[in-house]
Amino acid sequence: MKRAVHFGAGNIGRGFIGAVLSKAGYHVEFVDVNEEVIKELNRTEQYTVQIASEQKESFIVNHVSGIHSSTQKQDVYRAIAEADLITASVGPGILPIIAKDLAGGLTEAAQKEKLHELNIVACENMINGTSFLKEEIEKHLSQEVKQEVHEKIGFPNSAVDRIVPIQHHEDPLTVEVEPFFEWVIEQKDWKGDVPVLDGVQFVEDLNPFIERKLLTVNTGHAAIAYLGLAEGFTTVDQAIADPSIKQKVETVLDETSEFLIKKYDLQKEEHKKYVQKIIERFRNPYLSDDLSRVGRAPIRKLGAKERLVYPAVSLMKEGKQPEGLIQAIAAALLFDEKSDQESRELQHAVHEQGVKQAFAQIAGLPPQDELVLEVEKQFYQYIEKR
């Protein structure tokens, strides 16, 4: 049986990546720090994935095991040396940490002349996550091993999309995921034959898929959160069920669609269907989430290359006024969630510097930029309503 090593035994790891790989005939070894999950994986060698829908379907994922990344370092290295494929879904901030283990495993395999052709794929909600992981791994490799890694190891970037609802189960391995998923891998950096993975798409250029997802799923989710909170809603399904919020979110996605269709020459009708599918996903009551959780990390989400500011700036450069995005950005500047550090930092900046200066600094724009001025105007319209 082919062997896959997956770093991250969380909900996405088990409910998405691990499930796809197991179905494709891989034995999946999960590497994680969660002792209870690792112990249960080795005891049961299977787990249940539930689909968040009215039908409440479920299926069993088998041929799985676990390795504790802190206490079983040699087992991690052994697994890396034996793997036919290595994947990760640990969160962007943890990639530098697992890079040390990956470098250690690759180095040991090279020293024992066991390093063979395989691919390492980061499955993270970030642009060029695998390229970032590769850079982090190389920091811990000797020049000799680095050369061998370049020759034998593929580092293809990928884009992943699957919503996991807030959940609690008696069985620590059971995981619930939405019916929809998308996993796209850039083929040009893949080493060797491309495998058959049901539901996984290999493409020559990943950029259109990355930006389509970022500026539809992520932009839409953020817009619902910030616009919904500004109107007093608390959950995603409540907010999107409100005709006014739904119309505003559709306006936002009309604007990002205009940008995407022009930049990547997308088929207009096909993209429209994709957008409608995304909105239906947001409306799924079995996936509902707290708006305060979806809106977390507002400073990052208001960055120059992020889901709200990036398309708004691009459209304004073409002389178009993105009213929906301006409303969503202004609403994001109101985000006040005491449990979120970025929210506290944002509100401190707005209070100390004023909204115009604070937003301009976060978005990397001049204070007199037209978008900054329009957002400031909209922000005070929200304040007047309160």
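This is a predicted model: local features need pLDDT of at least 70, side-chain atom pairs count only at pLDDT 80 or more; totals for chains, interfaces and linings use all residues.

Mentor: The largest pocket has a volume of about 1400 Å³, and of the 42 residues that line the pocket, the closest to its centre are I12, N125, R162, K213 and N218. The elements that give two or more residues to this lining are α1 (11–23), β9 (158–161), α7 (207–230), α10, α11 (291–294) and α12 (298–301), and the largest share, seven residues, comes from α7. Sorted by class, the lining of the pocket has 21 nonpolar, eight polar and 13 charged residues.

Helix α10, which is among the elements contributing to that lining, spans residues 268–283 and also crosses helix α9 (residues 243–264), the two axes coming within 11 Å at roughly 145°, in a right-handed crossing. In this contact K246, E250, L253, S257, L260 and I261 of α9 meet K268, H271, V275, I279 and R283 of α10, a set that by class has five nonpolar, two polar and four charged residues.

Turning to the sheet, six strands with parallel pairing form an open arrangement in the order β5-β2-β1-β6-β7-β8, and its edge strands, β5 (64–68) and β8 (153–154), each pair on one side only. Strand β2 (residues 26–32) runs parallel to β5 and is joined to β5 by five bridges, with V31 standing opposite I67 in β5. Helix α3 (residues 73–82) packs on this sheet, where α3 touches β1 (2–7), β2, β5 and β6 (85–88), and the direction of α3 makes about 130° with that of β1.

Definitions and conventions
Residues are numbered from 1 along each chain as its sequence is written. Side-chain values use heavy atoms; hydrogens and water are left out. Two strands pair if DSSP finds at least two bridges between them. Helices (H or I, at least four residues) and strands (E, at least two) are DSSP runs, numbered from the N terminus. Contact means heavy atoms within 4.5 Å. Axes are lines fitted to C-alpha atoms, for helices over the stretch in contact, and angles run from 0 to 180 degrees between N-to-C directions. A crossing is left-handed if the near helix is turned anticlockwise from the far one by less than a right angle, and right-handed if clockwise. Ala, Val, Leu, Ile, Met, Phe, Trp, Tyr, Cys and Pro count as nonpolar, Asp, Glu, Lys and Arg as charged, and the others, Gly among them, as polar. On a 1 Å grid over the protein atoms alone, a cavity is a set of points where a 1.4 Å probe fits but cannot get out, and a pocket is an open set with protein on both sides within 12 Å along at least five of seven lines; lining residues have an atom within 4 Å of a point. Grid points are joined across faces, edges and corners, and a volume is the space filled by probe spheres set on the points.
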